[in-house]
Amino acid sequence: MTHTGWNVSDPVQVMSLIGSALILIAYAITVRLPSRRRLYCTISLGGGVLLLVVALIYRNLGLTLLEIAWISINLWGLWDERRVAGAR
């Protein structure tokens with residue numbers, strides 16, 4: 001695929017922007033509200049899934065591996081949060 005510039009009307013670019021924004025928002029939440037781990041992991045997971053789709057569409061191996069790791073870490077965080085909440 002050849003890209004000649006930024007095209008914010010391209011649905012894949014929109015997904016990429018939304019995914020990036022979700023990850024940044026999730027990170028900002030953890031900085032300001034450390035007790036909101038479940039919210040962080042959920043928002044971050046959503047951003048990671050969107051960016052994984054973008055990576056797969058553009059066949060970007062590095063981003064694909066990064067997003068698989070990012071998604072896995074967030075799923076682990078959600079699972080751990082649920083396990084800890086169940087023990088209370």
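What follows is a walk through a predicted model, from its opening helix to its salt bridges and a surface patch. Because this is a prediction, local features need pLDDT of at least 70 and side-chain atom pairs count only at pLDDT 80 or more, while totals for chains, interfaces and linings use all residues. Residues are numbered from 1 along each chain as its sequence is written, and side-chain values use heavy atoms, with hydrogens and water left out.

Let's start with helix 1, residues 11–32. Helices here are DSSP runs of H or I with at least four residues, numbered from the N terminus. Helix 1 has 22 residues and spans 31 Å from first C-alpha to last, close to the 32 Å expected; that expected span is 1.5 Å times one less than the number of residues. Its buried residues are Val12, Gln13, Ser16, Gly19, Ile23, Ala26 and Ile29. Buried means under 20% relative accessible area, exposed means over 50%, and partly exposed is in between, using a 1.4 Å probe and protein chains only. What do the buried residues of helix 1 pack against? They pack against helix 2 (37–57) and helix 3 (61–87), where contact means heavy atoms within 4.5 Å.

Now for the charged side chains. The structure holds 3 salt bridges, each being a side-chain nitrogen of Lys or Arg within 4 Å of a carboxyl oxygen of Asp or Glu. Arginine 37 pairs with aspartate 80 at 3.2 Å, N to O. That pair links distant parts of the chain, with arginine 37 in helix 2 and aspartate 80 in helix 3, 43 residues apart. Arginine 37 is partly exposed at 33% relative accessible area, whereas aspartate 80 is buried at 15%.

Arginine 37 also meets glutamate 81 in a salt bridge, at 3.8 Å, N to O. Glutamate 81 lies in helix 3 and arginine 37 in helix 2, so this pair ties together parts that are 44 residues apart in sequence. Glutamate 81 is buried, at 15% relative accessibility.

Aspartate 80 has a salt bridge to arginine 83 too, with the closest N and O atoms 2.4 Å apart. These two residues are 3 apart in helix 3, which means about one helical turn separates them. Arginine 83 is partly exposed, at 45% relative accessibility. Through shared partners, the salt bridges join Arg37, Asp80, Glu81 and Arg83 into one network.

Still in helix 3, have a look at threonine 64. Is threonine 64 buried or exposed? It counts as buried, at 10% relative accessibility. A polar atom of the threonine 64 side chain lies 2.7 Å from the backbone oxygen of asparagine 60. Leaving aside residues up to four places away in sequence, threonine 64 touches Leu52, Ala55 and Leu56.

Last stop, the surface. Val49, Val53 and Ile57 make a nonpolar patch of about 200 Å². Patches are made of residues with over 30% relative accessible area and no salt bridge, joining like charges within 9 Å and nonpolar side chains (Val, Leu, Ile, Met, Phe, Trp, Tyr) within 5 Å. Accessible areas come from the Shrake-Rupley method with a 1.4 Å probe, and for residues only the protein chains shown count as cover. Valine 49, one of the patch members, sits in helix 2 and is partly exposed at 40% relative accessibility.

Technical notes: Polar contact = N/O pair within 3.5 Å; in protein donor to acceptor, adjacent residues only side chain to side chain.
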